Amino acid sequence: MGGTEHLTVQREGATLVLTLNRPEARNALSLPMLVGLYDGWVDADEDDAIRSIVLTGAGGAFCAGMDLKALAGKGMEGEQYRDRLKADPDLHWKAMLRHHRPRKPVIAAVEGYCVAGGTEILQGTDIRVAGASATFGLFEVRRGLFPIGGSTVRLQRQIPRTHALEMLLTGRPYTAEEAAGIGLIGHVVPDGTALEKALAVAEQINACGPLAVEAVKASVYETAELTETDGLAAELRRGWPVFDTADAKEGSRAFTEKRPPVYRRA
């Protein structure tokens, strides 16, 4: 699998690790990085051997948001990247998980700054781990900007509205402890160990039936805004077919035989 000069791609067993790689700019978003991210999401979903995705950042930072020079039209490296954006004007939103949801679980491993566009990408991930010194926040209003990566919609659905509005309207930084307290992240770990923890969570996911995992994730998002009655009906539509798979039979058989299951996505 590829990547770009601002995004590295690695395999860790059945996990694809995408690393934002502009440490000199605290991994601020660039066009090469966005193209690499989108390609990473697509490649992971198309490769049946990959069961989970970890998103992290190099050099002790996650992502400091959009590169404002790039936003102003400077520093947009590489004609091939500009051509990709011309071919798909929605590509940057897909890369930031605003207009795209991978079917594989996405785990964020956050160290250092995760602010502005970094916090917006974070809201598109499924499970979130942060080092103790990580910093979160939506700083856009402090710069006279709008957090248009989805935060005015998603944040209030993920944390209590009063906390969402405070984060959106004050533009202040939040510590990892505060972010965990309002439910924005799920784990706070010692600095430098977020990736290790994220990979450990990924391994637990990878040991499960991949068809079941993907159906469960799809059901959670599909039913989030439905009434309970409609949601339960949608859950049955997603869930019943899983019981008819060879993987479901293998899971039961492995439990009976007291051995690890061997799932084949069938």
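A cavity is here a set of grid points where a 1.4 Å probe fits but cannot get out, and a residue counts as lining such a space if one of its atoms lies within 4 Å of a point. In the present structure, which is a predicted model, the residues that line the largest cavity are R51, P105, I205, N206, C208, G209, P210, V213 and E214. Two elements, α9 (194-206) and α10 (210-223), each give two or more residues to this lining, and the largest share, three residues, comes from α10. Sorted by class, the lining of the largest cavity comprises five nonpolar, two polar and two charged residues. The volume of the largest cavity is about 40 Å³, and the count of cavities of 30 Å³ or more comes to one.

The helix α9, which contributes to that lining, also lies across the strands of a sheet, namely β1, β2, β3 (52-57), β4 (106-110), β6 (127-131) and β9, and runs at about 165° to β4. The sheet itself is open and consists of six strands in the order β1-β2-β3-β4-β6-β9, with mixed pairing. Because β1 (7-12) and β9 (187-189) stand at the edges and have a single partner strand each, one side of each is left without a neighbour in the sheet. From one strand to the next, the twist averages 20°.

The burial of β3 was then considered, with residues counted as buried when their relative accessible area is under 20%. By this criterion β3 is mostly covered, six of its six residues being buried. In a regular strand the side chains alternate between the two faces of the sheet. For β3, both faces are covered, with S52, V54 and T56 buried on one side and I53, L55 and G57 buried on the other.

Methods: Residues numbered from 1 in each chain as written. Predicted model: local features only at pLDDT ≥ 70, side-chain atom pairs only at ≥ 80, totals over all residues. Heavy atoms only, no water. 1 Å grid on protein atoms, 1.4 Å probe; cavity = no way out; pocket = protein on both sides within 12 Å on 5 of 7 lines; lining within 4 Å. Points joined across faces, edges and corners; volume = space filled by probe spheres on them. Helix = DSSP H or I, 4+ residues; strand = E, 2+ residues; numbered from the N terminus. Nonpolar A, V, L, I, M, F, W, Y, C, P; charged D, E, K, R; others polar. Pairing = 2+ DSSP bridges. Axes fitted to C-alpha atoms, helices over the stretch in contact; angles between N-to-C directions. Contact = heavy atoms within 4.5 Å. Buried < 20%, exposed > 50% of the residue type's maximum accessible area, 1.4 Å probe, protein only.
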